[in-house]
Amino acid sequence: MQENQNQNQNQQNPNQQKQQNPNQKNKPKAKNKPKGKGKGKGKGKGKGKGKGKNNPKTESKYKEKTESKQPKSSKKEARKTENITSEGAKQEQTSPPTIPVDELFEDKNFPIGIEMEYPNDNTSRITNEELRMKERMMLSDILPYLRKAAEVHRQTRQFANAFIRPGIKLWDMCVEIEEMNRKLISAQGLEAGLAFPTGCSINNCAAHYTPNKGDDRTLGKSDVMKIDFGLHINGYIIDSAYTVCFDPKFDPLLKASREATNAAVKAAGIDVRLCDLGEIIQEVIESHEVEIDGKVHNIVPIQNLSGHSLGPYEIHSGKSVPLVKGTEQKTRMEEGELFAFETFASTGKGVVSDENPTSHYMMRPDTSISLVTNPKARPLYHVIEKNFGTLAFCPRWLDRLDQTRYLFNLKHLVDSNVVRPYPPLSDINGSFVSQFEHTLILKPSCKEVLSKGDDY
Ligand SMILES: [Co+2]
């Protein structure tokens, strides 16, 4: 999911900036901060398996399963997947998946993402035993949450790629993806579940599209679709996205974003300036071009979209990762921080603007029911607070909770500055946009790309 960079909205909503002082009511379970001090709960579960070679049997099985079902455009780049393993798995997942991920792995021993050394002078970090100790202390509580959510993401996207075909009804596709996510993560109130609606933005639409009731749109055979979904455990969010396209003429467009995201991930590190990542991303994206029906198009990054830091129950916790050079983001990345790196490559102007209709909404972090002047809208306020807290939601999820005739009240909550709308964001008509996104954490000794899989 994306940061809403619409200027007007930022101005009329000053609350949005005060994210550091969250309202308790909207932040249940926020007790596990990402920079936690370590609660002495690390039972040495990790067994140091992150670095070693893993059971070749389980590894190859994982690879084979995934590769056979990915869209062919994402097969090309062979990935180092040594760290992603099913080691510690009690039993195998079925196909299609039916077993909650909790039951697949013993003692919260979820697969580790790809661990990568920090660039340049930070490479010595990984060998420092003190740092590794600090890491276990700091992150022993939250890493299992993130790794489990990431494993669910991998399994669900593999499942989705097996059934997504041109002609599929997007509503059905989103429902299937969301139901699978709920099952695999053992969804439970605000303790575990979906972090935001399943985005399936198509062609010139870059982000924040998911079908509302009555939208019968189906996937076209040359559509460029961005699948963007997120999961969380106790507020710790995995935000990851990829592009699906069945027409090979768009392969270079997909490659531009995939390589840019990978380059940014590679360059990420403690003390790295966010503006420097923007420059890298822009350079990689602009080094590509794509020929569509006889015409060669330049490819550009979308300058008013960005990656973002993640906080507990907070999809955008303050820092942005620009996609172009020359921004004011002199801020640096810091140890312990969690980031969603996402890049968007476009054949259009490289600028998105709001579209209709809106499907993504999110309660503001510092809001209060006292702002809701119409008593008839108050029950909806409570439904949103109880089910989604400060996480994003969509009308489809209100339908699912048997809410009816909520549109007027939802509009009232938006007008009262209690709920913020996140409309679809699109580049110019006739353009095409690709996206790839990973969530990574800056551990003391190395970075871990949590959502990495064999597919992307
Ligand atoms: Co995101």
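User: How many aromatic pairs does a search of the whole structure find?
Analyst: This is a predicted model, where local features need pLDDT of at least 70, side-chain atom pairs count only at pLDDT 80 or more, and totals for chains, interfaces and linings use all residues. Numbering runs from 1 along each chain as its sequence is written, and side-chain values use heavy atoms, with hydrogens and water left out. Rings of Phe, Tyr and Trp (its six-membered ring) pair if their centres lie within 6.5 Å; planes under 30 degrees apart are stacked, over 60 edge-to-face, the rest tilted. The search of the whole structure gives 10 aromatic pairs.

User: What is the angle between the planes of Phe-388 and Phe-393?
Analyst: Buried means under 20% relative accessible area, exposed over 50%, partly exposed in between (1.4 Å probe, protein chains only). Phe-388 is buried at 8%, and Phe-393 is buried at 0%. Their rings form a stacked pair, 4.9 Å centre to centre, with the planes at 10 degrees.

User: Which residue lies over the face of Trp-397?
Analyst: Trp-397 belongs to one aromatic cluster with Tyr-361, Phe-388 and Phe-393. A charge sits over a ring if NZ of Lys or CZ of Arg is within 6 Å of the ring centre and within 35 degrees of the ring normal. At 5.8 Å from the ring centre of Trp-397, the residue is Arg-182.

User: Which residues does the UniProt annotation "binding site" cover?
Analyst: The annotation comes from an unreviewed UniProt entry. Positions follow the numbering used here, feature names are shortened, and annotations may be inferred rather than shown by experiment. The annotated residues span 210 residues in sequence, yet no two of their C-alpha atoms are more than 8.2 Å apart, so they gather at one spot.

User: Over which residues is the pLDDT below 50?
Analyst: pLDDT is the predictor's confidence in each residue, from 0 to 100. The chain has a mean of 84, and 79% of its residues reach 70 or more. Where pLDDT is low, the predicted coordinates should not be read in detail. The stretch below 50 is residues 6-85.

Key: Contact = heavy atoms within 4.5 Å.
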